[in-house]
Amino acid sequence: MKNLTHIWFIALKDLKLFVTDKTAMFFFVAFPFLFILLFNTMMSGIGAEDERITLHVLTRDDSGTYSQMLLEAYETTEESKLDPDDHSPIIIWLKDIDYATAKQQVEDKTLSGFVAFPKGFSADIETFKNEILAGEKPLHFINLDSQLEVIVDPDNTDQQIALNGVANIIATQMNAMQATMKSTALLADDPTDAINTFFQQLNTGQWAKDLPSVNYQTTIVGDVEAGNPANYVIPGYLVMFTFFAALQGGAQIVQQRQNNTLERMLTSSVSKEAILGGTFLGIFLRGLLQITIFWTLGSLVFNIDLGIAPAAVIIISVLMVLMSSACALMLATLIKTERAADGIATLTALLLAPLGGCWWPLFITPKWMQFIAKITPHAWANNGFNKLMVFGADFSSVVPEMIALLCFAIGFGTIAVLRFRTSSIQ
Amino acid sequence: MPDEFLIAKELHKSFSEIKAVNGVSFSINRGEIFGLLGPNGAGKTTTIRMLATVLQPDSGEVTIGGYSTHQNAPKARSLIGVCPQDLALYEELSAIDNLVFFGRMSGLDGKEAKEQADINLRLMGLEDRAKGKIAKFSGGMKRRINLAVALMGTPEMLFLDEPTVGIDPQSRNSIYEVIENLRDKGMTILYTTHYMEEASRLCKRVAIIDGGQMIAMDTPTALKSQIGDPDKITLEDVFLHYTGRSLRD
């Protein structure tokens, strides 16, 4: 009981030292939020943009209306532009400029590229239709692969890929249409009626609408588009600054050992175990205070989403604080001078933060980096937070992360307990 | 038969190859101020740290108030207050917070700790600076707070390791008065110092230690008599007689 009282008062004293230290409060509570504000704003820009690519098409067909009907079907409507779930490219029909002008614009780099329907497109289809209706085996088979033209800025790879894709799809559709017409003419009891019905559908643009279109989706992070960047920015900085503050707490233990305040506690009838427990609890409470402020402000100011298992987010946060506190104690037992402890605390915190995915999400890094990151407790904590808050995982999915953090805490804590000393001279 | 409150027998302590304390033995009577004198590196602080239970001797035995510091350290600790040579205070906390904290550490409850803190601050003449941060205090004020903290928990014995080093004469005199006051109330005190005049003024008996060994121990007057006329000889003469005039590290 006496030990517990001592542990509690030592921890309260350390908490008071932290709270009354304006510099520490700024660096470990206010400063992180300036960081978060900055990075959250930067990352917000990425998610807010419309990633749908814009493609242009025109027709050189002056012999009929089939190409115009097809373009009307392909052209992106105003409703489709506004639909957030529509990831197909925005297709604009260049009605007001001719082929030569459009080509010149591409050369001038004022237009990135376009697909052009060939001259005589409708006339070719009419000829084809008439030959079938006359019961002839039409030799004239439209091969749009060779006739559709893609004009594109050579520096614009995205446009090249997308426009070629569009051209291929149109060609495939037209070739399929020709094959269907041939089959219809051969198999139907009344070929004339069947072919007329078919062309009626073509005239209304139904064909183009029913056939598959080019899908184009921009991936921002991994294979999932993150809605609110704060959902991965805040946990990253929480992990970094909680760990950093804890290590600074470790440096303060070294300071207390050097200025003999720990030793003075020992001569005041406080057991070594109580001093160890009290200093640990002090750092732990500071960490809890930090994560409480982080999550509260994160929810109120940045509207973060804790996912479907907020309890798991809280448990990972607490385990992160537990691990950081144990690491701080271990640091205090391994280092002799306050100056060295300060330097090593800063260096360790700044080295492990990027490696462990605090500065950028680990899921956007290469696999080898994700593998190396696992040597850091930061990576396990960040992975846990990302799974829960970005990918919408449930509680059971982050149990490995929780176990890993607990193992780190036990490992660091064991070394700290075995090596803890109250005096700088033994 | 004097009542021996502290007994140290054949204390030895080495750090690597250096023998810091080599067979030191002495006893301090209840209510006595005992001076431990010696040049830098003589082994005074190491001896005090062993007596105060923060350093384990390689061999030897210490009892305080009848309790062995080896076998019953918590009980022995409950009888002592330590004023270390270096200021062992939380600079970012106020004077009252430091006193109350160490009071709680010595087993007082909240009310008792606050009451004792107020009494000790008055004793040191610092009651009007109770809420001031230690970091903003002068060297003399810090030394007085350092002593006030040692008094928390009402110890029966004080270890004062050079409590007046580096402070102005006013603060030093104030500390002398406090110590004399404590002596008059029956406090047992082990006192180390480099200032021979304060040892002469305060200590009933003094021991001179050098090279980790006790080389002389008696009342100041008796020690003076050993080397000449006690009315003409100072304690500093005695000190130099036993420890020599060569410079120390």
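**Exercise 1.** How many residue pairs are in polar contact between chain A and chain B, both at pLDDT 80 or more? Then work out which elements and residue classes make up chain A's side.

*Solution.* Keep in mind that this is a predicted model.

Step 1: the count is nine residue pairs.

Step 2: two elements of chain A give two or more residues to the side that touches chain B, namely helix H1 (2–20) and helix H12 (261–267). H1(A) gives the most, with seven residues.

Step 3: sort that side by class, and you get eleven polar, seven nonpolar and four charged residues.

**Exercise 2.** Describe the contact and the buried area between the two chains.

*Solution.* Start with contacts: 29 residues of chain B meet 22 residues of chain A. Next, the area: the two chains bury about 2,300 Å² between them, with 60% of it on carbon and sulfur atoms. Now look at chain A's share, where Phe9(A), Arg264(A) and Thr267(A) supply 29% of the area buried against chain B, more than any other three residues.

**Exercise 3.** What does the side chain of Arg257(A) reach?

*Solution.* First locate the residue: Arg257(A) sits in helix H11 (residues 230–258) of chain A. Arg257(A) is buried. Finally, look at the backbone: the Arg257(A) side chain reaches the backbone oxygen of Ala332(A) at 2.7 Å.

Notes: Residues numbered from 1 in each chain as written. Chains lettered and ligands numbered in written order. Predicted model: local features only at pLDDT ≥ 70, side-chain atom pairs only at ≥ 80, totals over all residues. Heavy atoms only, no water. Contact = heavy atoms within 4.5 Å. Buried area = accessible area lost by both parts, 1.4 Å probe. Polar contact = N/O pair within 3.5 Å; in protein donor to acceptor, adjacent residues only side chain to side chain. Helix = DSSP H or I, 4+ residues; strand = E, 2+ residues; numbered from the N terminus. Nonpolar A, V, L, I, M, F, W, Y, C, P; charged D, E, K, R; others polar. Buried < 20%, exposed > 50% of the residue type's maximum accessible area, 1.4 Å probe, protein only. Lys, Arg positive; Asp, Glu negative; His and termini not counted. Salt bridge = Lys/Arg side-chain N within 4 Å of Asp/Glu carboxyl O.
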